[in-house]
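Subject: Structure handover

Hello,

Here is the structure for your work, with sequence and coordinates. My notes follow below.

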Amino acid sequence: MGAGVEIAVEPDQAGLSGDGLRLRLLGPLAVSAGGAPLVLPASRKVRALLGFLALAARPVTRSRLCELLWEVPADPRGELRWCLSKIRRIVDRPDCRRLDAGVDTVRLDLAGCAVDALAVARAADGISSLSTEELRALAALFAGDLLDGLDIDHSPAFTAWLLAQRRRFRDHRISLLEHLVGRLPDEEAFRPLETWMQVAPFDVRAHQALLAALARQGRIREGEEHLAAAVRLFDGEGLDGAPLRDAWRRARTQPQELVPARAMPAANERDERPPAPAAHRASVAVMPFGSGPGHAPDPGGPGDGLAHDVITRLAKLRSLFVIARGTVFALRDDGIAAAAAGRLLDVDYVVSGWLRQSSRRITVAVELAEVSTARIVWADVFDDPVDDVFLVLDRIGDQITACIDREIEASERNRALLRPPGSLDAW
């Protein structure tokens, strides 16, 4: 991959192929060509721009790139041209021009290149169908956080983008580790379990999986020690340690009935595994809506009101189990992000977003994510003129509720198709 990168699996197993350019984004940025590491420019903004373009799904306007990296530059377009010239020396070849810098937009064409973050993102949608070796290979691609060490001072737009992307790929990593732990025998699962708890120390599922594995192996003393340490950790952050105590009690009394994770088996492994448990309603947590990147939080504002309305509407649907308002608001107040809250609450789906209001318009961005896979099931932006703010929010709340109900129903139906016909959940 790049200098100082060691991956103990074949790249093709992780969906990486080709002998051309290779970019490592999951960890410190590194680029290699033909197996030889390339020397990157010292400029942090050049490297940040390369990472941003590598993850961009479509061409990016020059004005957007200028806003992203330069707060108040004397000549933003001139600085952008200089940065692009440095990137061109890295990615372009005489017979292959990958950087397409037009008059108004910029695009980085990475077709045929190996990019670890893109391989992980592509695999996220079908993570349950991956083989155990594919899960191992993808998990091994992580050498740290996305673009580790590439924070840039005085660039709030880039900082907001980077934090969001790091959360996204950290969730992907947790999902990979959770599914991998669910496939491995206990003696092989401890290493990914340790990594899982390092990445997400307050993820109840990780601790439950470790306690279950220790109980199955008869390592009671180690289980007691881990439980005590984990409860102290949770108590120190004001989190409830009761689920951990309950998990250990069940593990001690029914060690064979506990599974380490909720990951579904791969297609070629399903026939050898027991059928799914009894049918259940899909569970969802609706987090309070924030104020958007670069804006100060507004507790008690219209975003909180909209979240409350959506929770109330969803709770009236018999098809869903909805987490109460007080619980999700308390998690928000403790600074817990949506994905982490979903794992703490052990729900199937989590809803998050932001609301921004001006004198003339209200804009609401919302997304529905599947907790076990970190996959975004649905996302949309509602932008309405303000005539009566309460009527507008009421209308948007109705639209969000209807979309969430429809998308969860479709997602659960598609998931049921992957289950053995003998499972009650499948029917």
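Which residue of β6 is the bridge partner of Leu99? In this predicted model, the partner of Leu99 is Leu108. Another pairing of this kind puts Ala101 opposite Val106 in β6. Strands β5 (residues 99-101) and β6 are antiparallel and share three bridges, and a hairpin of three residues connects β5 to β6.

On β4 (residues 60-61), the pairing with β6 is also antiparallel, over two bridges. Here Thr61 has Thr105 of β6 as its bridge partner.

Taken together, the three strands form an open sheet in the order β4-β6-β5, paired in the antiparallel sense. β4 and β5 are at the edges and have a single partner strand each, so one side of each has no neighbour in the sheet. Helix α1 (residues 44-55) packs on this sheet and touches β4, β5 and β6. The direction of α1 makes about 80° with that of β6.

The side chains of β6 (residues 105-108) alternate.

On confidence: the mean pLDDT of the protein is 84, with 85% of its residues at 70 or more. Residues 1-19 have pLDDT below 50, and this stretch has 43 contacts in the model beyond near neighbours in sequence. For residues 257-278 the pLDDT is also below 50, with 47 such contacts. Where pLDDT is low, predicted coordinates should not be read in detail.

Regards

Methods:
Residues are numbered from 1 along each chain as its sequence is written. Side-chain values use heavy atoms; hydrogens and water are left out. pLDDT is the predictor's confidence in each residue, from 0 to 100. Contact means heavy atoms within 4.5 Å. Buried means under 20% relative accessible area, exposed over 50%, partly exposed in between (1.4 Å probe, protein chains only). Helices (H or I, at least four residues) and strands (E, at least two) are DSSP runs, numbered from the N terminus. Two strands pair if DSSP finds at least two bridges between them. Axes are lines fitted to C-alpha atoms, for helices over the stretch in contact, and angles run from 0 to 180 degrees between N-to-C directions.
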